[in-house]
Every structure is written in C-alpha cells, then in structure tokens.
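Morning, everyone. Let's take a quick look at one model and its nonpolar side chains. Here it is on screen.

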Amino acid sequence: MLALTTFDVVFLSVAGSLLFLIFVVFIASMVGLFAKRRQQQQLQLAQMKHEYAQMISQSQLEIQEQTFKNISQEIHDNIGQVLSLAKLQLDKPDDDNAAGTKADASGLLSNALHDLRSLSRS
C-alpha cells in the first residue's frame, strides 16, 4: 500500500482547493456573462419596442395627414364649386326667371349639404 506523507497531503489539499477555487471562479464568470447578455437582450428588446412605437406613431400621423388632405381636396373640389355656382346664381340680377334661379340655387345648396354630410360620415 502507498503511504502518503504530510507533504503529499498538503499538496493534494492545496491542489484540490485551487481546482475548486478555479471551478467557482469559472462558474461565477459564466453566471456574470449570462446576466450581462440577458441585460443586453432586454435593452435591445426595449429599444426595439421604442422604435416600433415611434414607427406606429409616425404611420398614424401620415395617415391623419393624408386623410386631412383628402378631406380638404374634396371640400375644395366638389363642395366649393357647388357653393360658388349657387352664389353666382343668387347674385344674378332679378329677371322674369328669378324663381327658377332661386330654385336651382336651393337645389345646389341641398346637394352641397348632402355632399358635406356624406364626407363627414366617411
């Protein structure tokens, strides 16, 4: 049987302790590295969520601007022309056909109101 001397026991104890210490340091560094990577991923996720929210806000603004542009164009092109024509008919000097002119103007104003209501509903 092999007899161990005191030096061998001390050497094995120090070597074992050193290996155990290296193992503990390795595990701690792995845990720290994992925590750091997880924190970076959470930061990236938060940044991506922020960018996504900004893109959604920008899209909503663009949609609103386009909608307002379409509404203003509809008002200018259709309703504005009908109202201008009705005003011209009402501004005509009175003649023997004044009742017909006022009826035409009233019809144009009714059409303009109908168009405006349709536009506001859509």
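Which residues does A112 touch, leaving out residues up to four places away in sequence? The answer is I79, V82 and L83. Keep in mind that this is a predicted model.

Now widen the view. A112 belongs to the largest nonpolar core, which has six residues in all. As background, nonpolar side chains tend to be buried together in soluble globular proteins.

Next, the surface. There is a nonpolar patch there, made of F20, F23, V24, F26, I27, M30, V31 and L33. Together these residues have about 760 Å² of accessible area. Take V31 as one of them. V31 is found in helix α1. Is V31 buried or exposed? V31 counts as exposed, because its relative accessibility is 52% and the cut-off for exposed is over 50%.

Last topic: aromatics. How many aromatic pairs does a search of the whole structure find? One. The partners are F7 and F11. Their ring centres are 6.4 Å apart, and their planes sit at 20°. Stacked means planes under 30 degrees apart, so this pair is stacked. Why are F7 and F11 separated by about one helical turn? Because they are four residues apart in helix α1. Both F7 and F11 are exposed.

That's my tour. Over to you.

Methods. Residues are numbered from 1 along each chain as its sequence is written. This is a predicted model: local features need pLDDT of at least 70, side-chain atom pairs count only at pLDDT 80 or more; totals for chains, interfaces and linings use all residues. Side-chain values use heavy atoms; hydrogens and water are left out. A nonpolar core is a set of buried Ala, Val, Leu, Ile, Met, Phe, Trp, Tyr and Cys residues joined through side-chain atoms within 4.5 Å. Buried means under 20% relative accessible area, exposed over 50%, partly exposed in between (1.4 Å probe, protein chains only). Contact means heavy atoms within 4.5 Å. Patches are made of residues with over 30% relative accessible area and no salt bridge: like charges are joined within 9 Å, nonpolar side chains (Val, Leu, Ile, Met, Phe, Trp, Tyr) within 5 Å. Accessible areas come from the Shrake-Rupley method with a 1.4 Å probe; for residues, only the protein chains shown count as cover. A salt bridge is a side-chain nitrogen of Lys or Arg within 4 Å of a carboxyl oxygen of Asp or Glu. Helices (H or I, at least four residues) and strands (E, at least two) are DSSP runs, numbered from the N terminus. Rings of Phe, Tyr and Trp (its six-membered ring) pair if their centres lie within 6.5 Å; planes under 30 degrees apart count as stacked, over 60 as edge-to-face and the rest as tilted.
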